[in-house]
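Subject: Handover of a structure, with notes

Dear colleague,

Please find the structure below, followed by an account of what was found in it. I would be glad if you read the notes with the coordinates open beside them.

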Amino acid sequence: MSRTAPETIYGGLLDEIAAVVHGRRALDEFSLQLLKRRADALTKVDVAEGLEIQGYLHFLRDESAKGSELIERAIGLSSHKPSILIRYLKICEFSGHFDRIFEIYSRFGHVVDGNPEATRELMRVLVHNGYLSAADALRSALYRMKVGADDVQYAAGERLLTASAEETKFTDDESSAAVQFVRKYLHGRGVQASKFGVSAIFGDDERDSGLLFEIGVGAIFGDWGGT
């Protein structure tokens, strides 16, 4: 059977959900019902793709538990595991479930192994949620993949000086708690976050140290994620 039709439906549904995530489209109950019908039809042709779309729709209905269940089933069935993982993490961010990020990464992060693009995007998601050591581990993995130097660096404003960060002795638990406190505060007021800057700072005697986070406001996402 030809795959042209379902692939077109799948990509179109992803684009429509991305428009909601990026604030380009409002979503009412009628629109959600139409998307659900199309997702149900897709599931009959491609189970993994249909489950993934249904999962995002549950997140948009504030039904994150059911959404996670469906998306995780889709990851298990799909040949597009890295892209689904990135979109899963981003729908969690969009929905304000920042405390789920590291747990999901811990269980599914291995699916990006050997995929430079997905590894780089996962690294950025971790930085945006304060998991700096975990992000640097992925940067080391990119070096091992022998990708170009530009592909290993953080995006502008996101670079973390690894050696300085290690000197501060902060754990990911400590840094993520600070970042997520701010992100939850902003999210609760309808403000999305963007442009995360992280740098190490030191006192005059070079013994007192800290981490400086700079968080801009705007769109929360980079790329929604390709198929």
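**The aromatic cluster**

Phe102, Tyr105 and Tyr131 are joined into a cluster by ring pairs, where rings of Phe, Tyr and Trp (its six-membered ring) pair if their centres lie within 6.5 Å, and planes under 30 degrees apart count as stacked, over 60 as edge-to-face and the rest as tilted. Before going further, please note that this is a predicted model, in which local features need pLDDT of at least 70 and side-chain atom pairs count only at pLDDT 80 or more, while totals for chains, interfaces and linings use all residues. Residues are numbered from 1 along each chain as its sequence is written, and side-chain values use heavy atoms, with hydrogens and water left out.

The structure holds 3 aromatic pairs. In one of them, the ring centres of phenylalanine 102 and tyrosine 105 are 5.5 Å apart and the planes stand at 55°, so this pair is tilted. Both residues belong to helix α6, 3 residues apart, which is about one turn of the helix; helices (H or I, at least four residues) and strands (E, at least two) are DSSP runs, numbered from the N terminus. Phenylalanine 102 is partly exposed, at 30% relative accessibility, whereas tyrosine 105 is buried, with a relative accessible area of 16% (buried means under 20% relative accessible area, exposed over 50%, partly exposed in between, with a 1.4 Å probe and protein chains only). Phenylalanine 102 also forms a tilted pair with tyrosine 131, at 4.8 Å centre to centre and 35° between the planes. Because phenylalanine 102 lies in helix α6 and tyrosine 131 in the loop between α7 and α8, this pair ties together parts that are 29 residues apart in sequence. Tyrosine 131 is buried, at 8% relative accessibility.

**Confidence**

The mean pLDDT (the predictor's confidence in each residue, from 0 to 100) is 82 for the protein, and 78% of its residues reach 70 or more. Over residues 1–5 the pLDDT is below 50, and this stretch has 3 contacts in the model beyond near neighbours in sequence, contact meaning heavy atoms within 4.5 Å. Where pLDDT is low, the predicted coordinates should not be read in detail.

Leaving aside neighbours within four places in sequence, tyrosine 88 is in contact with residues including Tyr56, Phe59, Ile71, Arg100 and Ile104.

**Helix α11 and what follows**

Helix α11 (residues 172–188) has 17 residues and reaches 23 Å from its first C-alpha to its last, close to the 24 Å expected at 1.5 Å a residue, the expected span being 1.5 Å times one less than the number of residues. Its buried residues include Asp172, Val179, Arg183 and Leu186. Seen down the axis of α11, the buried residues fall within an arc of 120°, so they line one face of the helix; the arc is that of the directions from the helix axis to the C-beta atoms. On the other side of α11, Asp173, Phe181 and Gly188 are exposed. Glycine 190 follows α11 and has a positive phi, near 75°.

Glutamine 192 sits in the loop between α11 and β1 (193–202) and is partly exposed, at 22% relative accessibility. Its C-alpha atom is separated by 9.8 Å from that of histidine 22, although the two residues are 170 residues apart along the chain.
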